[in-house]
Amino acid sequence: MNETTIETKHTAEKLWTSPFIVLTLCNLLLFMNLQMVLPALPSYVKGVFHASDVMASLVTTLFALSAIITRLIAGKALQRGKRNLVLFLGLSVALLATLGYAWCGTLAMFLLMRVFYGAGFGMASTTFPTMTSNVVPLKRMGEGMGYYGLSTSLAMSLGPSIGLSLLASGFGSLVTGATVMLALILPMLFLVRSQLRQPAEVAPATPESSKLFDRKILLPFLLNFLLSIVYGGLLSFMALFGKEVGIANVGVFFLVNAVSVVLVRPLSGKIFDKKGHGVLMLPGALLVIAGLLIVSYSTGLGMLAAAALLFGAGLGILQPSFQAWMIKVVTPEQRGMANGMYFNSIDLGVALGALLLGTIAMNTGYAMMYRLATLVMVVFILLYTASQISRKKTSLRTS
C-alpha cells in the first residue's frame, strides 16, 4: 500500500471534518429555535388569546402534523437531488414563521403560522441529518450520528430554560432570540459551501429508491415508535407527577436525563459500529424500564435523579442506534427518506404517548401510569426478539 492510498483511506475514515462540525452546529441552532419556543407558546396563547387547554394544545399538535407530512415530501425531493432547494426553502419558511409569531393578531393566524413553521422545520430537520450521513464514513456511522445527535440533546436541555427566560422579558425578546438562532445557520453553511456541493449526477430513479417507505426500516421504525410513546408520556406528565407525589423541582429529572444521554451517546455509537444493533437493543430497553419503575416510586429528588440517569442511558443507547440502523440499511439515495421516517417515528410516538398515557393517568394516577408504561417496552423487547429469531431461521434455511 503506497502513501497515496494510505492518505486516501485516512481521509475517507475521518469523522471530525469541517462539514461534519458545521452541520452538527447548524442542527444545534435549528433545535434551539424549536426548543426555545416549544414550552413558551402554549402559555403565551392562553394568556394573549384566552385559549382553552384544547386550543392551546393545537400549538404543538398542528406543528407536529405539519412536520410529519412535510418530511415525507422532503424525503422524496432529496432522493431526486433537490437538497439545496429543500434546505433553503425549509430554513426560509421556518425563519419567516418565527418572525410571524409577533405579528399574529388572532389565534387562527397564530395556529396557521405554526403549520408553516412545522413545514419549514420538517424540511430542514430532514435535510441536515441526510447531509451529515453523507459526510460520515459508513464504518463510523453509529459513532458519527451519535455525536451529531448530541446537538439535539443539548438543545433539548438548554432551549426551554433560555426560551422561558426570554419570555419573561417579553414575547418580542423570545421571537428575536429564536430568529437569531435560525439566521446564524445561513452564514455557517456558507463557510463550507464548497465542501457540501451535491454530486453533479444524481443516481437514476429506481423502484427501490423512489419509495416513500422501505420495508428494511420497518423494524427500527416500529421500535423507535414504541420508545417514543414512553418518552412522550414521560415528558408530558413529569410536572404533574411531581405535584402528585410532592416533588417540587422535577426539572432535575430533565437535567440529569440530558447529561446521561450526552455521556452515553458517543459510546453506544462506537459499539453499534463494531457489534451492530444486536448487543444494544435489550440493554437499552431494560434501562428504560428500570428508569420508569424508579420514577413511579420516587418520593424525592434523589430517586428521581437516579431514574433520570438510567432512563437517559437507555435513551442514549437506543435513539442513535435506530437512526444509524435506518441509514445503513438503505441506499444513499434513500437516506433522506430514512431520516424523515426516523423523526416521524419520534413525533408520532410522542403525540400518541401523550394521548394514550394521559388517558391512563386520568384513571390510575401518574405513578401507576409510569408502571403501566413499562408494558410498552415489554412489547418492544418481544418484537425485537421475535424479529431476531425469525431472521436466524431464515438465515439457516438459505444457508
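**View 1. Gly365 follows helix H14.** The phi of Gly365 is positive, near 95 degrees. Helices here are DSSP runs of H or I, at least four residues, numbered from the N terminus. The model is predicted: local features need pLDDT of at least 70, side-chain atom pairs count only at pLDDT 80 or more, and totals for chains, interfaces and linings use all residues. Residues are numbered from 1 along each chain as its sequence is written, and side-chain values use heavy atoms, with hydrogens and water left out. H14 covers residues 335-364, 30 residues in total.

**View 2. Helices H12 and H15 pack together.** H12 holds residues 281-296 and H15 holds residues 366-398. Their axes, lines fitted to C-alpha atoms over the stretch in contact, are 8 Å apart at an angle of about 170 degrees. The angle runs from 0 to 180 degrees between N-to-C directions. That makes H12 roughly antiparallel to H15 (over 145 degrees). Contact means heavy atoms within 4.5 Å. In H12, Leu282, Ile289 and Leu293 are among the residues that meet H15. The H15 side includes Tyr370, Met377 and Phe380.

**View 3. Thr24 sits in helix H2.** H2 spans residues 18-37. Leaving aside neighbours within four places in sequence, Thr24 is in contact with Tyr147, Tyr148 and Ser151.

Notes:
Helix = DSSP H or I, 4+ residues; strand = E, 2+ residues; numbered from the N terminus. Expected span 1.5 Å × (residues − 1). Parallel < 35°, antiparallel > 145°, perpendicular 65-115°, else oblique.
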